[in-house]
Amino acid sequence: MKAKSPEAPLTQLKGVGARVQERLSRLGLERIEDLLLHLPLRYQDRTRLTPLGAVRPHTEALVQGRVEYAQVVQRKRRAFLVRIADGTGCLTLRFFHFGAALQNRLSQGQTLRLFGEVRPGPAGLEMVHPEYRLIGASEMPQVPVESTLTPVYPSTEGIGQAVLRRLIEQALHEYEIEDIIPLDQLPPTLRYGLKEALELVHAPPPEADLAALTGGRHPAQQRLAFEELLAHQLSLMRLRHRLRALQSPALQNDGTLFRQFISALPFTLTLAQQRVIDEIFRDMARPTPMMRLVQGDVGSGKTIVALAACLHTIASGYQAALMAPTELLAEQHYRNAGKWLQPLGVHIAWLSGKQKKSERDKQLAALADGSAQLAIGTHALFQEQVRFHNLALVGIDEQHRFGVHQRLALRDKANAANMQAHQLVMTATPIPRTLAMTTYADLDYSAIDELPAGRRPVTTVAIADDRRSEVIARLRSAIAAGRQAYWVCTLIEESEALQCEAAESTHALLRDALPDVRLGMVHGRMKTADKEAVMHAFKQGDIDLLVATTVIEVGVDVPSATLMIIENAERLGLAQLHQLRGRIGRGTTDSSCVLLYRPPLGEIAKRRLQALRETHDGFEIARLDLEIRGPGEFLGTRQTGLAKLRVADLVRDADLVAAARKAAGMLLEQDSRLCDALIRRWLGGAERYAEV
Ligand code: ADP
Ligand code: MG
């Protein structure tokens, strides 16, 4: 007979009917295997009895004792108090919810076995609503303790711990879960068989290292984390191989246009920009799709690099598309491209969601017949009706604002003639290496790790909201001295409408407070043409103070602006604050940033604002952000497009990522069935990249 397959649905287990199945599936559990890989969050130690004289506050303990007396008391709140003793000491049990039944059961002379957290109380140590069991009325009965540590699982409404424990125990006994990875492929310290690792993790022996288990650092857990990371790496690498097998136009030209472009720029490229441009040109000269991520801190000059790639494509006789996440940024790219590429004879089409139909049709026609060589726009570029004549490069700016799927959708635009467009994505989000390896394993990676010469760090201060009038006074004198400033209105809700309202009322307030100042405003609800006019005026120096919502967060480039006030700074994430602040300090004069906050500051907000005052290094900020928020929030599911990790933690297990990546490279060549099996086990139906 065939061994029972752990890929079977959970309904194969005793006690799993439709209702339980539905609840388990809310936890992401569909197959027996999923359940086995559903690991405990923490453990309780019910393997030894602690004498009452030895219990310590703020620990969980298994204790036992005889009820000395029990009574209902009425203090602030009615409570049922039970005093137990065991000859070494005593303990109070406190119940706020109780009925006659409980009172009857926990009566004098009974012996109780209890588990709970010990806390200091008004009259010595106590447990509030402990788990209890009557074990008799005799002196001190011998009732066995648990033989393993007790797992506590992530759960959901309607599924208690007892149910999960029982089902997992059953699955461990009845199903054969095979080792897929040969033992010798595991890191030397993690050479556990899978079954052994799972047994240890679900039912650790009393002597297991509880601290290591709680921290997720026990070798058995690490063994599982490694396997999971390996499966993810395999899945991404496989996608990458599949893409590399496709064809793209090999782009070549004599470089004349590029030289003209460079010599017309008002500055020389940094070495980092040159290096990255070289990498890109080399990639695009191959007949397989480039897939390159360019990471560069705010202000490192990614736009030029993107435009260089576009120009190289166009000079080779093909079309390029450059996409930005916001209208404002797309408009700015459009203007830059107009300024730098139009004189070289490049025809540019502009696509935005807010365009008139007649205008849009004109642009679409130019892209379809090839008379426009460059398309610039927002996500409007993805849309179905957009057809290209011979698209060979897709550039995506501030990629972290888009999902993986959107990125892939645009690339497929070139798919018509069985050709893939080259792909260049740019991001200012400095991604710690381990995350980059997991999130962008399908991409090559370049870093613009140098800022243009002459940049000055931005002086950053945090000021409580109630000193706003001082800030306004300082702003007045700075503007009188010829400086330009942003006043950024933020709200915690991602509601654009509310943000715009806030901007309007701040605008009104500042207009009264600063009657001599030339004031402007941009927010997401304004017409494209109006926004553009305001940005233009700000750039020209015709506006001194620009009240803005976070629409200016990404990409906006007005080097003459040197002052920024950010409202509600305590509510924003580090990365977002860093991005916003990156709008200033772009020229060669000193800049300052004021973070207005509403006291009192929470612990996390305090750390964020402090980090921002102390450093400008995007990588350092990303590292801190990751530490404060954890990787899930750091990247956002929108960005990763990856299935969630079950066991591994990208921060804790950072060192495993590199090992998993290496092993994945080897396995992929050696044994493709093994790779299939691993991917299926860990990613199941979630291998979202598979069909790309
Ligand atoms: P990013 O998109 O990386 O945040 P931008 O591309 O907007 O940065 O560039 C920031 C500013 O620096 C722009 O005003 C740009 O013209 C300017 N810039 C870009 N490269 C250089 C350079 N090599 N030297 C001086 N200024 C540069
Ligand atoms: Mg940019």
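Me: What does buried mean for a residue here?
Reply: Buried means under 20% relative accessible area, whereas exposed means over 50%. The model is predicted, and of the 692 residues of its protein chain, 54% count as buried.

Me: What makes helix α10 mostly covered?
Reply: In α10, 12 of the 14 residues are buried. Among them are K302, I304, V305 and H312.

Me: How do you know that N568 is buried or exposed?
Reply: The relative accessible area of N568 is 11%. Buried means under 20%, so N568, at 11%, is buried. N568 lies in the loop between β20 (561–566) and α18 (574–581). Its phi is positive, about 50 degrees, although N568 is not a glycine.

Me: And H58, is that residue buried or exposed, and why?
Reply: H58 has a relative accessible area of 59%. Exposed means over 50%, so H58 is exposed. H58 sits in the loop between β1 (42–44) and β2 (60–74). H58 is not a glycine, yet its phi is positive at about 65 degrees.

Me: How does the span of α10 compare with what is expected at 1.5 Å a residue?
Reply: Helix α10 covers residues 302–315, which is 14 residues. The expected span is 1.5 Å times one less than the number of residues, and for α10 that comes to 20 Å. From first C-alpha to last, α10 reaches 20 Å, close to the expected value. After α10 comes G317, with a positive phi near 95 degrees.

Me: Why does the pair between D557 and ligand 1 count as a polar contact?
Reply: A polar side-chain atom of D557 lies 2.6 Å from an oxygen atom of ligand 1. The cut-off for a pair of N or O atoms is 3.5 Å, so this pair is a polar contact. The side chain of R455 has an N or O atom 2.7 Å from an oxygen atom of the ligand, and a polar backbone atom of G301 is 3.0 Å from a ligand oxygen. The protein covers 89% of the 560 Å² of accessible area that ligand 1 has on its own.

Me: Which residues come nearest to ligand 1?
Reply: Of the 17 residues around ligand 1, those that come nearest are G299, K302, T303, R455 and D557. By class, the shell has 5 nonpolar, 7 polar and 5 charged residues. Domain 3 (256–448) and domain 4 (458–615) each give at least three residues to the shell.

Me: What makes the peptide bond from P599 to P600 cis?
Reply: Its omega is near 0 degrees. P600 is in the loop between β21 (591–597) and α19 (603–614).

Conventions:
Residues numbered from 1 in each chain as written. Chains lettered and ligands numbered in written order. Predicted model: local features only at pLDDT ≥ 70, side-chain atom pairs only at ≥ 80, totals over all residues. Heavy atoms only, no water. Near = heavy atom within 4 Å. Polar contact = N/O pair within 3.5 Å; in protein donor to acceptor, adjacent residues only side chain to side chain. Areas by Shrake-Rupley, 256 points an atom, 1.4 Å probe, with all protein chains shown as cover. Nonpolar A, V, L, I, M, F, W, Y, C, P; charged D, E, K, R; others polar. Domains from an automatic or database assignment. Helix = DSSP H or I, 4+ residues; strand = E, 2+ residues; numbered from the N terminus. Buried < 20%, exposed > 50% of the residue type's maximum accessible area, 1.4 Å probe, protein only.
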